[in-house]
Amino acid sequence: MTNPRKTWGILVAIGCLTVLLDGCGGSGGGSTSPPPPSFALTASPSSVLVSQGSTSVPIELSVQASNGFQGTVSVSVQGLPAGVTTSPLFPLSISAGGNQTATFTLANSLARGNYNVTFAGTSGTLSSNTQLLLTASGAAIAGPAQDFKKQVIYQIVTDRFFDGDPSNDNPPQSPGMFDPTKTNWQFYWGGDLAGIQQQMAYLAGMGITAIWMSPPVDNIDVVANLSGTSYAPYHGYWARDMQQISEHCGDVNNTWAAFDSLIAAAHQNGIRIIVDFAANDTNPNDGGQFGALFNNGQAFASYQNDPAPPNNLFHHNPTITNYDDPFQLQYYTLDDLADLNQENTVVDIYLKSALVQFMHHGADGFRLDAVKDVTWGWQYTLANAAFTTGPTFLYGEWDLGGTSDPTYPDSVEFSNRSGIPLLDFSLANAMRDVFANNGDFSEIDNTISQENSDFVSPNDLVTFFDSHDLPRLLSVDNDQNRVNEALALQLACRGIPVVLYGDEQYLHNDTDGGNDPYNRLWMSSFATNTTAYQLIDQMANLRQSNPALAYGTSQQRWINSDVYILERQFFSDVVLIAVNKSDTIPYNITGLYTALSPGTYSDYLNGLMGGFSMQVSGGTGGNNPVTTFSLPTHTVSVWQSYAPAASPELGSLGPRLAQAGLTATVGGDGFGLSPGAVLVGTTAATVQSWADSSVTFTVPSVPPGNYNITVETNGGAVSNALPFTALTGVEIPVTFTVNNVSPPAGAAVYLTGNILELGNNVQSTNSATGPLLASPTTTSSWFINASLPAGAQIQFTFFQVLTDGSVVSEATSHSYVVPTSGVGSVSVTW
Ligand code: NOJ
Ligand code: CA
């Protein structure tokens with residue numbers, strides 16, 4: 001037990017010490033003089049999120065008086081960046097016990113990011129300061145965009161990010177799948193759409209301009225017991241009803257309220273929302289709800305009680321074992337997921353209406369899940385259905401190992417012909433080898449060169465190195481320097497960068513090598529002071545301000561196994577990035593040339609990753625010598641120059657394929673402020689909106705075909721050209737079958753026809769559709785699903801390409817009238 005006498009003694013001693021420190025004692029004997037007057041200045045709220053070009057909520061500044069303080073406080077503001085104006089002007093005066101509100105108005109040019117603002121109050125010799133975090137987000141978005149090349153996408157597994165609404169954690173229609181302890185990795189952990197909305201300032205402060213969320217649709221209501229483990233669909237890929245929002249993401253009535261609210265908040269802050277859309281399958285066919293699909297609450301498709309072909313809503317084929325076989329990929333079962341038959345009219349309508357409904361609710365774009373596994377031709381029509389609805393941005397997941405993967409050529413053809421950009425798996429694999437497995441930079445360099453020559457629009461590839469399907473880089477090599485270096489290079493590289501949630505916090509869990517589900521860990525910190533967070537913000541701002549990153553060419557300027565110096569150039573705009581990933585060796589960089597003009601360039605990252613300034617002197621032909629420098633270990637330096645374009649420079653077109661009447665967008669620089677013209681070939685399009693860097697227009701009624709698109713300023717200056725394909729009309733899927741064909745071994749069967757979509761009767765593998773797939777049921781039938789204009793009357797022909805390249809064609813063509821809606825199918829005999 002404590003000795004009361006001893007405690008009393010300690011208290012007296014502390015009391016004396018306090019008096020001595022206060023300096024007010026001297027008289028002793030217990031009579032203390034009253035403490036001096038003082039005041040405290042406070043700001044409420046202490047953080048504000050303000051979009052470019054708008055005004056903050058009122059910030060209340062209060063002066064709390066203590067000990068009889070009665071003076072007036074003069075409040076000044078420190079740390080406000082140029083481009084912010086206040087109302088009223090500072091300094092301002094607040095009397096004791098009083099308060100005053102102030103607002104900030106942001107210029108449109110203010111860089112996205114976080115700014116620490118201090119309000120400093122003084123009154124005579126007294127002072128009190130208070131802090132405020134000002135987050136500048138992008139200007140409010142007026143409408144959907146088609147050009148994402150200036151964006152930085154942040155990928156979120158919604159369930160694992162932030163719990164903004166505990167009321168949906170364990171909803172009544174799907175109870176018992178929530179683990180509040182976050183130890184069962186296969187259960188829900190509580191993150192939701194409200195959580196994403198509540199972290200908007202965190203995301204905006206990092207310069208993020210787009211969010212890719214895991215599928216937010218309604219998923220199965222019960223766990224799937226598979227091989228003795230219970231799995232809940234926390235990842236969102238096990239759809240039960242694609243027309244409704246999951247009760248775990250939104251509310252327990254499956255309404256769109258949380259989604260709509262998130263869209264509104266995101267758009268207010270210049271952030272676009274990308275929905276992960278899985279058209280391949282529904283949910284496991286061997287547990288849970290056994291593949292069942294609902295249509296806005298009504299039973300719609302039963303995998304277990306599916307009509308017989310040709311009316312089947314699902315494919316009932318074995319599990320894919322050969323991931324290089326186009327037939328298995330498109331028609332077999334991916335893992336154990338009930339595989340939808342997109343060539344069935346009701347499935348086609350269901351899937352397209354689900355996607356369109358998201359567009360009507362304001363979704364800005366879609367990440368198309370597993371495009372390698374969904375009937376390829378049908379997906380051309382899905383893209384067309386989306387673009388026919390309105391401006392949007394699509395990118396597909398074609399999982400592959402690299403540019404020598406057997407399906408790489410198919411992926412290139414799919415992307416180029418459908419106009420759907422792909423997630424850049426080849427570059428991701430190269431980046432993972434280089435930054436986590438001590439690979440040589442030549443792997444990245446070779447991949448970029450190969451893809452840049454194969455893809456029509458390499459700047460639209462969507463780049464990443466971590467994802468919810470791969471172990472995080474830090475699980476492979478626990479070195480934060482390497483994550484920073486990978487991020488810096490990715491954000492400077494061609495393609496639209498995706499940052500996986502938590503990489504900026506160096507999040508990783510290495511159980512089972514960090515594989516799924518350990519890569520989908522809980523977002524445990526929202527710190528804004530990590531190097532990665534600040535790096536992403538700076539590079540995201542550079543992506544907005546210098547079009548070399550969005551639209552530029554790529555040129556390797558210096559390379560060895562540890563060092564990569566990459567130049568991006570769009571006309572006279574240049575960004576040069578130098579990375580040394582070595583742990584031990586600083587390199588002397590001699591013989592480096594750049595397109596930057598002669599001069600001195602400071603590090604755009606302000607030394608965040610050890611960068612420095614460098615000097616360029618005069619050379620010839622866009623090759624200006626850089627004064628030799630040493631690049632220390634784990635250094636990234638970025639040098640850049642931008643000047644507003646004097647004549648129109650065209651960098652982007654989306655969509656690249658469209659029929660008359662659709663909206664398309666061109667992006668670039670120097671289009672001028674007064675409307676000029678967009679020319680499709682020589683035909684002027686109707687301009688919908690005109691700004692110096694972006695113009696939207698209506699695709700004119702021109703004959704189907706390939707065209708050059710150019711922009712002509714109001715003053716008559718004409719831009720460079722980009723390729724565009726005018727489609728014949730609204731596209732629908734048609735399955736073509738040809739019977740009675742037994743080509744010699746190694747030969748392939750192709751389809752052509754008297755229409756652009758079928759290659760205008762040109763009998764070459766580049767122009768025609770194919771190769772056709774062998775029918776699984778007979779030995780002499782071949783088929784393929786193709787995208788064709790609804791209602792068109794066509795003539796078509798099949799031909800074989802033999803191993804020596806020679807062509808054997810059908811003697812006569814066939815006629816067919818494409819249905820005006822739904823899906824088509826035609827079967828003929830050779
Ligand atoms: C690929 C997704 O990224 C993965 O996470 C998902 O499980 C499969 N597709 C199936 O939808
Ligand atoms: Ca929740």
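1. Phenylalanine 799 stands opposite serine 809 in E50. This pairing belongs to a predicted model, in which local features need pLDDT of at least 70 and side-chain atom pairs count only at pLDDT 80 or more, while totals for chains, interfaces and linings use all residues. Residues are numbered from 1 along each chain as its sequence is written, chains are lettered from A and ligands numbered from 1 in the order in which they are written, and side-chain values use heavy atoms, with hydrogens and water left out. Helices (H or I, at least four residues) and strands (E, at least two) are DSSP runs numbered from the N terminus.

2. Strand E50 (residues 807–809) pairs with E49 in the antiparallel sense over three bridges; two strands count as paired if DSSP finds at least two bridges between them. E49 and E50 form a hairpin with five residues between them, and glycine 805 in the turn has a positive phi of about 90 degrees.

3. Strand E46 (residues 748–753) pairs with E49 in the antiparallel sense over six bridges, and threonine 752 has threonine 797 of E49 as its bridge partner. Strand E51 (residues 814–817) runs antiparallel to E49 and is joined to E49 by four bridges, with isoleucine 794 opposite tyrosine 816 in E51. Strand E49 (residues 793–801) is mostly covered, since seven of its nine residues are buried. Here buried means under 20% relative accessible area, exposed over 50%, and partly exposed in between (1.4 Å probe, protein chains only).

4. In one, four strands follow the order E47-E48-E45-E52 with mixed pairing. Its edge strands are strand E47 (773–774) and strand E52 (824–829), each of which pairs on one side only. E47 is joined to strand E48 (residues 782–789) by two bridges, and these strands run antiparallel; the bridge partner of alanine 774 is tryptophan 782 in E48. H7 packs on the sheet, touching strand E45 (731–739) and E48, and the direction of H7 makes about 15 degrees with that of E48. Axes are lines fitted to C-alpha atoms, for helices over the stretch in contact, and angles run from 0 to 180 degrees between N-to-C directions.

5. In the other open sheet, five strands follow the order E37-E44-E43-E39-E40, again with mixed pairing. E37 and strand E40 (683–684) stand at the edges, each with a single partner strand, so one side of each is left without a neighbour in the sheet. Strand E39 (residues 677–680) and E40 run antiparallel and are joined by two bridges, with valine 680 opposite threonine 683 in E40.

6. The next point concerns helix H8. Buried residues of H8 are Tyr408, Ser411, Val412, Phe414, Ser415, Asn416 and Ser418. Their cover includes helix H7 (376–389), helix H9 (425–436), H10 and strand E37 (657–658). Just after H8, glycine 419 takes a positive phi of about 80 degrees.

7. The axes of helix H8 (residues 408–418) and helix H10 (residues 441–454) come within 10 Å and cross at roughly 45 degrees. H8 and H10 are therefore oblique to each other: angles under 35 degrees count as roughly parallel, over 145 as roughly antiparallel, 65 to 115 as roughly perpendicular and the rest as oblique. Tyr408, Val412 and Asn416 of H8 make the contact with Gln450, Glu451 and Asp454 of H10, where contact means heavy atoms within 4.5 Å. The residues of this contact divide into two nonpolar, two polar and two charged. In this division Ala, Val, Leu, Ile, Met, Phe, Trp, Tyr, Cys and Pro count as nonpolar, Asp, Glu, Lys and Arg as charged, and the others, Gly among them, as polar.

8. Is glutamate 567 buried or exposed? At 1% relative accessibility, glutamate 567 counts as buried; this residue lies in strand E27 (residues 563–570). The side chains of glutamate 567 and arginine 557 are joined by a polar contact of 2.9 Å. A polar contact is a pair of N or O atoms within 3.5 Å; within protein, one must be able to donate a hydrogen and the other to accept it, and residues adjacent in sequence count only if both atoms are side-chain atoms.

9. Threonine 594, in strand E30 (residues 593–594), is buried with a relative accessible area of 0%. A polar contact of 2.5 Å joins the side chains of threonine 594 and glutamate 567. Not counting residues up to four places away in sequence, threonine 594 also touches, among others, Arg557, Val574, Asn623 and Val626.
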